[in-house]
Amino acid sequence: MTATTDEIVIEAQGLKRRFGAVEAVRDISLTIMRGEIFGLVGADGAGKTTIMRLLAGVLRPDAGAIRVAGVDVVAEPKRVRSELSYMPQRFGLYEDLTVAENIFFYSELFSVSPRERRARTGQLLEAAGLAPFQRRLAGQLSGGMKQKLGLVCALIHTPRVLLLDEPTTGVDPVSRRDFWAILYNLRESGVTILLSTAYMDEAERCSRVALLQAGQIRSCDTPSRLKQAMPGALLDVVADDPGAANQALKDAPGVLGLLLMGDRVHVRVDDAGRRSPELRARLAERAIAHTEITTIEPGIEDVFVALLEPDGAA
Amino acid sequence: MTGSQPVVVAEGLTKRFGAFTAVDRLDLSIAKGEVVGFIGPNGAGKSTTIRMLCGLLRPSAGRASVAGFDVGRQPEAVRAHIGYMSQKFSLYGDLTCRENLRFFAGIYRVPRQERAERTHFAITMAGLEGREDMLVRTLAGGWKQRLALGCAILHRPPVLFLDEPTSGVEPQARRRFWDLIHTLADGGVTILVSTHYMDEAEYCNRITMIDAGRLVAIGSPRELRQQGLGGQLFEIVCAPLGAALAALRQAPGVLEVDIFGDKLHVLVHEQAVAETLRPFLTEKGITADPPRSIAPSLEDVFVQLVSRRSKAPGDAGIKP
């Protein structure tokens, strides 16, 4: 963990916020260190955006304390703004301005000196792969390019803390990689990043992850430790007819969960060493051909599903 | 999963907008009961292809047929035989579940005598018993999504198009949704899924990767993972990461390096190269664990195929 130090940059304690009858955030506490890329992971409505807005000082909590970069955000929400950059889901790009004009506008807004603006603009556009499109109207960019331009604008001043709300939603895989390359570079220079995502595979790229459900943190750790903590083990069962394999393994002893995928079944079992041969025998018994069973590392989604109560199946 | 006649066929399917070719000579053959994913970056031609296959856009050249009807000559027959679900646009939030179903039954011209039975089927399938009279906007994402699916199949279409069907819903709800999709496929419905999220693609029997209007690769998730990468993928835990990244980019036999959380993903030419990585890093004062062989994700494969194409435009990638 390269640039992570023991300096606390974001600290939230006992955060609560309700909107009418909806408890969007219920008792959230977080401690994020300098140089971390911290992921808030959860479905729509889990409370990701509300937490972001509370930390950015644009929404007041009903209860709880927040410190970001040493500033008491609840008491002095304005003072925290020079320390952080917040990119909401719908970042305010001006569609009838060009890429370069949007960047100019934000650098004025953040009072960036012309000299610094020129240096950073070139550097950021290059990293985002947007350098050839400076004269294109923002409204004519693809979804992925718009998100990257949003990030460039949010980074035109040098924030110590970056809050990104679902920055890669609607962004294609290639642009998504560019986006992450920029984030890792920022981390190297000591910027602390908090981002939210509904995509579990994205969580794997974070240094630490909080799994959110219904306004609460269900689990919080590094991706590797979350996976190690998953109850049971995951088996990858490849078969010519994965549907039949799925049926055959449904009621097998020791099976905690099944997931039928396109060309295989993922089976969570209590004990891989004991159950693999049993399941293999069961498939052979039912004449399900060309099967192959291997133990695989679970993904964050597997962990999430294994941790949550079955009655949460909304 | 092997039907006699393919249900969706495209031959040299092409769409031009002025001088721009959005879809370029696409060939496809999809069997009855298959779940096929369409994957590609924004602007790759995915939605143009889907719109042509739905009979909403006329091909500029080539042909396609869906459920036995030609998309260019019989677009209305095509539309009567398909279901379409997009999570974002298909439901009316200020109508109840039952009202949405009644509305879509009308739109899809479900015969009056079948409506009660189909509505009941959709409610049961979606697990919405007891919630029939709730306003749709008050439902959680998973229910909304299953209701949208119920609406899309009221008229028993043999072909179903899903547009990014599970974005933003709870993992458990997503799994339940895909179970439903596989059940429909078992019953003979052919399903086309368009997405740029690779984890949705994992649920498809076959995946079609599209880039710049061309078919880049087609195969099962497993086939694509095995053939698509052009090397072997390893994971290395090392520090400092930035220095390791820069060093490995210059290392012999290394095709690509990418940061992944607190590790590096390194694509190497062959197994032997992997063994040289740790000494190579140690020599430069970087601490490293031994590399660990990992299975590439579909996203790894896709990014690799697309970047290889942009380097060598003549290379069409994996052949069907």
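User: Helices (H or I, at least four residues) and strands (E, at least two) are DSSP runs, numbered from the N terminus. Where in chain A is A:Ala214?

Analyst: The model is predicted. A:Ala214 is not a glycine, yet its phi is positive, about 50 degrees. Its place is in a loop of chain A, between β9 (208-213) and β10 (216-221).

User: Is A:Ala214 buried or exposed, or something in between?

Analyst: A residue counts as buried if 20 or more other C-beta atoms lie within 10 Å of its own, and as exposed if 12 or fewer do. A:Ala214 has 19 such atoms within 10 Å, so A:Ala214 is partly exposed.

User: Which loop holds A:Ala69?

Analyst: A:Ala69 also has a positive phi of about 50 degrees without being a glycine. With 19 other C-beta atoms within 10 Å, A:Ala69 is partly exposed. The loop that holds A:Ala69 lies in chain A, between β4 (63-68) and β5 (71-72).

User: How far apart are the centres of domain 1 and domain 2 of chain A?

Analyst: The domain assignment of chain A gives domain 1 as 8-226 and domain 2 as 231-297. Taken over C-alpha atoms, their centres are separated by 40 Å.

User: What is the corresponding separation in chain B?

Analyst: Chain B is divided into domain 1 (8-225) and domain 2 (230-295). Over C-alpha atoms, the distance between the centres of these domains is 41 Å.

User: Which element gives the most to the side of chain A that touches chain B?

Analyst: In this contact, 37 residues of chain A meet 45 residues of chain B. Elements giving two or more residues to the chain A side include α4 (143-154), α5 (173-188) and β12 (255-260). By class, that side has 19 nonpolar, nine polar and nine charged residues. With five residues, the element that gives the most is α5(A).

User: Which are the edge strands of the six-strand open sheet in chain B?

Analyst: The strand order is β6-β7-β8-β3-β9-β10, with mixed pairing. Within it, β3 (35-39) and β9 (206-211) run parallel and are joined by four bridges. An edge strand pairs on one side only, and here that applies to β6 (82-86) and β10 (214-219) of chain B.

User: What angle does helix α5 of chain B make with β6(B)?

Analyst: Neighbouring strands of the sheet are turned by 20 degrees against each other on average, direction ignored. Helix α5 (141-152) of chain B packs on this sheet and touches β6 and β7 (159-163). Its direction makes with that of β6(B) an angle of about 160 degrees.

User: In which loop of chain B is B:Pro240?

Analyst: The peptide bond from B:Ala239 to B:Pro240 is cis, with omega near -5 degrees. B:Pro240 is found in the loop between β11 (232-239) and α9 (241-249).

Conventions: Residues are numbered from 1 along each chain as its sequence is written. Chains are lettered from A and ligands numbered from 1 in the order in which they are written. This is a predicted model: local features need pLDDT of at least 70, side-chain atom pairs count only at pLDDT 80 or more; totals for chains, interfaces and linings use all residues. Domain bounds come from an automatic or database domain assignment. Two residues are in contact if their C-beta atoms, placed from the backbone, lie within 7 Å. Ala, Val, Leu, Ile, Met, Phe, Trp, Tyr, Cys and Pro count as nonpolar, Asp, Glu, Lys and Arg as charged, and the others, Gly among them, as polar. Two strands pair if DSSP finds at least two bridges between them. Axes are lines fitted to C-alpha atoms, for helices over the stretch in contact, and angles run from 0 to 180 degrees between N-to-C directions.
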